[in-house]
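Let's take a walk through this fold together. Have the sequence and the model open side by side, and we'll go piece by piece.

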Amino acid sequence: MHTVAVLSLKGGVGKTTVALGIASAALRRGTRTLVVDLDPQGNATTSLDPPYTDATLADVLETPTREMLERAIAPSVWSEDVDVLVGTEELELLNDPDADSERLANFSRALDELHRTPLRETPYELVILDCPPSLGRLTKSALVGADSALIVTEPTIYAVAGANRALEAIEKIRKELNPDLRPIGVLVNKLRVRSYEHQFRIAELRDNFGSLVMPTAITDRLAVQQAQGACSPIHEWHSPGAQEIALTFNMVLAKILRSNRAGRHRIAGEEPEGPDWPEGPAPETPEAPAEVSESTG
């Protein structure tokens, strides 16, 4: 069971879009997946549209038992192979920026319960943590429980500073609470390929982070919002824009699953692979055939 935290310490960059895109790629691949909605806005829960549960992630963070997990996890509307650990606005009340290590460890204890005794016969192979855009208890808990962390950013003037802050947070948690944690990459979202400003900012990110910047970016396509509004996986939204995005998420998922450190929730019998990320600067993002616009699907 590999657990990946999807985070950004700047709001509005589309990390929920990325978390859902990875879940969609996992569904297409046949990878049993749990999406954990740590963001009090609850957008991942809304898009996955699970049936009503009488408990939520807020309850699990306070009482990390198997019984509570059973009450808070439900199948998504996408498929029974994609489950949701349901989020709620009440999570904001738990987002203490100074939570002690004991409370931060509760979520990791819940993941350990899922790993030891799966809720169903087929255990989760992938757990995706959709984090809020702040460094309080919720994001810290995710990093304590995760095997890897994917940083999401936009190609804007604030991109380098935001990615730097996220990497610093990952490193701090790795040193103090979770030595197995590793940054898996920096993923650029909402790219307009023909925008000089966006290309300049991507070059700036690569100058600062080198091969951590993923060699593919998520272009700004209206199809993403359309699929989310319809509670549909992007891989099942049949438009040229959606299929382009789906292929990119396939590549992101492959990178996650090839991670060279599977962590303490490693699937039984699975051995870590050697590094698969190329040395030196990441390759250029391929040119798209046309400028992305709001009218493009």
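Before looking at any helix pair, a word on angles: axes are lines fitted to C-alpha atoms, for helices over the stretch in contact, and angles run from 0 to 180 degrees between N-to-C directions. Helices (H or I, at least four residues) and strands (E, at least two) are DSSP runs, numbered from the N terminus. What you have is a predicted model, where local features need pLDDT of at least 70, side-chain atom pairs count only at pLDDT 80 or more, and totals for chains, interfaces and linings use all residues. Residues are numbered from 1 along each chain as its sequence is written, and side-chain values use heavy atoms, with hydrogens and water left out.

How far can you trust it? pLDDT is the predictor's confidence in each residue, from 0 to 100. The protein's mean pLDDT is 86, with 87% of its residues at 70 or more. Among the elements, S4 has the highest mean pLDDT (98) and helix H10 (residues 222-229) the lowest (86). Treat residues 266-297 with care: pLDDT is below 50 there, although the stretch has 63 contacts in the model beyond near neighbours in sequence. Contact here means heavy atoms within 4.5 Å.

Now find the sheet. It is open, has 7 strands in the order S3-S4-S2-S5-S1-S6-S7, and its pairing is mixed. Two strands pair if DSSP finds at least two bridges between them. Strand S3 (73-75) and strand S7 (182-188) are the edges, each pairing on one side only. On average, neighbouring strands are turned by 25 degrees against each other, direction ignored. For a closer look, take strand S2 (residues 33-37) and strand S4 (residues 82-85): they run parallel, joined by 4 bridges. There, valine 35 sits opposite valine 84 in S4.

On to the helices. Helix H9 (residues 196-209) and H8 have axes that come within 9 Å and cross at roughly 35 degrees. Ala159, Val160, Ala163, Asn164 and Leu167 in H8 touch Glu204, Leu205, Asn208 and Phe209 in H9.

H8 (residues 159-176) also meets helix H7 (residues 137-145), where the axes come within 10 Å and cross at roughly 55 degrees. That makes H7 oblique to H8; angles under 35 degrees count as roughly parallel, over 145 as roughly antiparallel, 65 to 115 as roughly perpendicular and the rest as oblique. This crossing, too, is right-handed. Lys140, Leu143 and Val144 in H7 contact Ala169, Ile170 and Ile173 in H8.

Last, look at helix H1 (residues 15-29) and helix H11 (residues 240-257), packed at about 80 degrees with axes 9 Å apart. H1 and H11 are therefore roughly perpendicular to each other. Among the residues meeting there are Ile22 and Ala25 in H1, and Phe249 and Leu253 in H11.

How values were computed: A crossing is left-handed if the near helix is turned anticlockwise from the far one by less than a right angle, and right-handed if clockwise.
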